[in-house]
Amino acid sequence: MNGLVTSAGSQLLIGGKLLPGGAGVFTTVNPATEEALGSAANADSADMDAAIAAARTAFDTTDWSRDHAFRARCLRQLRDALRGHIEELREITIAEAGAPRMLTSGPQLEGPVGDLGYFADLAETYAWETDLGVAEPMGIKSARRVRREPIGVVGAITPWNFPHQINFAKLGPALAAGTTVVLKPAPDTPWCAAAVGRIIAEETDIPAGVVNIVTSDDHALGTQLVADPRVDMISFTGSTQTGRAVMATAAATLKKVFLELGGKSAFIVLDDADLRAAVSYAAFGVCVHAGQGCAISTRLLVPRATYEQAVEIAARTLGGIAPGDPSLPGTVCGPVISERQRARVERYLDLARAEGGTVVTGGGRPADAATGYYIEPTLIAGLPNSATVAQEEIFGPVLVVIPHDGDDDAVRLANDSPYGLSGSVWGSDPERVRRVVEGVRTGTLSVNGGIWYSADAPFGGYKQSGIGREMGVAGFEEYTETKLIATGC
């Protein structure tokens with residue numbers, strides 16, 4: 001495809017070297033065409049073992065964890081090198097992840113690359129030590145200080161939906177904090193990670209072993225990474241089901257886990273909101289990147305009195321957004337990532353019908369798309385909040401509209417979910433909006449279209465949407481340990 005990765009294959013990054021996979025290669029596929037793009041290096045258990053050993057050695061025997069200024073310089077160097085390859089990376093991301101071209105100017109590529117600069121700055125400006133002053137516990141006068149130190153070796157396991165955003169949301173703060181990393185990306189998007197590995201190896205001063213990238217179609221390698229006692233922390237983004245398995249496996253060695261998991265976020269429309277603007281915004285949101293985002297609001301809660309009108313507005317919006325070629329500048333809704341994922345979405349649509357729901361618009365494969373893993377933007381009405389499609393994460397362009405009976409009922413419905421990742425509230429009265437926002441138990445909330453995503457903004461969820469925060473100072477501190485030092489005086 002280009003100079004970073006080609007149809008001849010990609011390579012692992014282990015101990016500073018670009019290497020073939022011990023298990024040979026596996027195929028990466030373009031979800032818009034269903035055609036093979038080429039080969040990716042397929043790691044085996046020995047490769048993962050070597051990557052962990054390299055990360056452990058780099059942390060234990062080099063100055064990486066102690067030299068804040070060097071880390072900051074390396075992160076800026078990486079950011080600048082990535083920018084030098086931005087057009088190559090853009091084409092890889094569109095082809096491999098099915099990411100609409102328009103999104104690569106933001107959260108699919110350019111945004112996350114730029115965010116590395118934020119974490120470089122943080123490495124230099126963060127208060128690594130704070131003075132607690134002098135106290136006399138047990139009659140002994142002691143000067144006390146709190147020191148933050150890198151946690152050690154981090155195993156980072158990432159999904160396919162926003163590969164660069166999530167890879168860099170882990171690499172950025174982890175490297176700024178002074179940890180070393182073994183990154184295992186999703187098998188659906190190996191080239192996105194392998195390209196970054198090549199840039200690190202060939203165009204940065206990041207020491208050997210500090211970053212290791214292990215691509216594989218074998219999910220058992222993720223379990224190996226989680227279980228290894230040489231790994232001090234696991235940073236995982238993915239489904240709640242897999243997150244539970246990660247947490248259970250990590251318990252054997254009592255390592256820290258950061259988990260950014262699923263969501264079934266509610267979009268609450270109050271009765272004093274601009275109904276047309278709010279509902280159209282919600283419907284458009286579930287089409288972005290074919291609804292493949294954990295924080296996308298997929299439950300639309302509208303006042304019962306305007307329910308039929310809301311259904312009509314949402315159906316009109318969704319019906320006007322046709323799935324299309326992600327390489328074209330105007331495409332919003334591209335394909336889902338794989339045939340497996342499309343089949344999953346279709347099973348949920350069958351469930352919605354079986355439970356008595358009405359598919360108002362969409363509900364199938366586009367008639368004009370002979371190839372590609374496309375599915376029509378779909379609106380489901382006539383189901384309660386307890387329905388399967390209102391409770392479980394679908395990860396497709398599917399919106400469920402549900403009536404509420406006032407502000408308190410809207411909050412109740414929003415919270416009637418195992419998840420608590422994100423959501424939205426639209427209304428005109430600031431005091432009513434404030435009360436609703438305070439009542440909804442989620443990690444992020446958008447009010448009247450506000451955008452919470454930013455490098456300095458902590459992101460994460462309540463309940464079964466995860467543990468911990470990513471991005472911002474809170475996300476940076478996930479990769480640190482706290483040491484208290486008391487000196488007699």
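Visitor: Which residues is Glu-260 in contact with, leaving aside its neighbours within four places in sequence?

Guide: Contact means heavy atoms within 4.5 Å, and on that basis Glu-260 is in contact with Phe-236, Thr-237, Gly-238, Cys-294, Leu-421, Phe-459 and Ser-465. This is a predicted model, in which local features need pLDDT of at least 70 and side-chain atom pairs count only at pLDDT 80 or more, while totals for chains, interfaces and linings use all residues. Residues are numbered from 1 along each chain as its sequence is written, and side-chain values use heavy atoms, with hydrogens and water left out.

Visitor: How do you know that Glu-260 is buried?

Guide: Buried means under 20% relative accessible area, exposed over 50%, and partly exposed in between, with a 1.4 Å probe and protein chains only. Glu-260 has a relative accessible area of 3%, and therefore counts as buried. Glu-260 lies in strand E11 (residues 256-260), where strands (E, at least two residues) and helices (H or I, at least four) are DSSP runs numbered from the N terminus. An unreviewed UniProt entry lists Glu-260 under "active site"; such annotations, given in the numbering used here with shortened feature names, may be inferred rather than shown by experiment.

Visitor: What makes Ser-235 count as buried, and which residues is Ser-235 in contact with?

Guide: Ser-235, in strand E10 (residues 233-237), has 0% relative accessibility and so counts as buried. Beyond its neighbours within four places in sequence, the contacts of Ser-235 include Val-154, Lys-170, Phe-258, Glu-470 and Tyr-479.

Visitor: Why are H2 and H6 called oblique to each other?

Guide: Helix H2 (residues 68-84) and helix H6 (residues 190-203) pack at an angle of about 120°, with their axes 10 Å apart; axes are lines fitted to C-alpha atoms, for helices over the stretch in contact, and angles run from 0 to 180 degrees between N-to-C directions. Angles under 35 degrees count as roughly parallel, over 145 as roughly antiparallel, 65 to 115 as roughly perpendicular and the rest as oblique, and H2 and H6 are therefore oblique to each other. Gln-77, Leu-78, Ala-81 and Leu-82 in H2 meet Val-196, Ile-199, Ile-200 and Glu-203 in H6. The residues of this contact of H2 with H6 divide into six nonpolar, one polar and one charged, where Ala, Val, Leu, Ile, Met, Phe, Trp, Tyr, Cys and Pro count as nonpolar, Asp, Glu, Lys and Arg as charged, and the others, Gly among them, as polar.

Visitor: What makes H13 and H14 roughly parallel to each other?

Guide: Helix H13 (residues 407-415) and helix H14 (residues 430-439) pack at an angle of about 25°, with their axes 9 Å apart, and H13 and H14 are therefore roughly parallel to each other. Asp-407, Val-411 and Asn-415 in H13 meet Arg-432, Val-436 and Gly-439 in H14. The residues of the contact of H13 with H14 divide into two nonpolar, two polar and two charged.

Visitor: What covers the buried residues of H13?

Guide: The buried residues of H13 include Asp-407, Val-411 and Leu-413, and what covers the buried residues of H13 includes strands E12 (265-269), E13 (297-303) and E16 (398-404), as well as H14.
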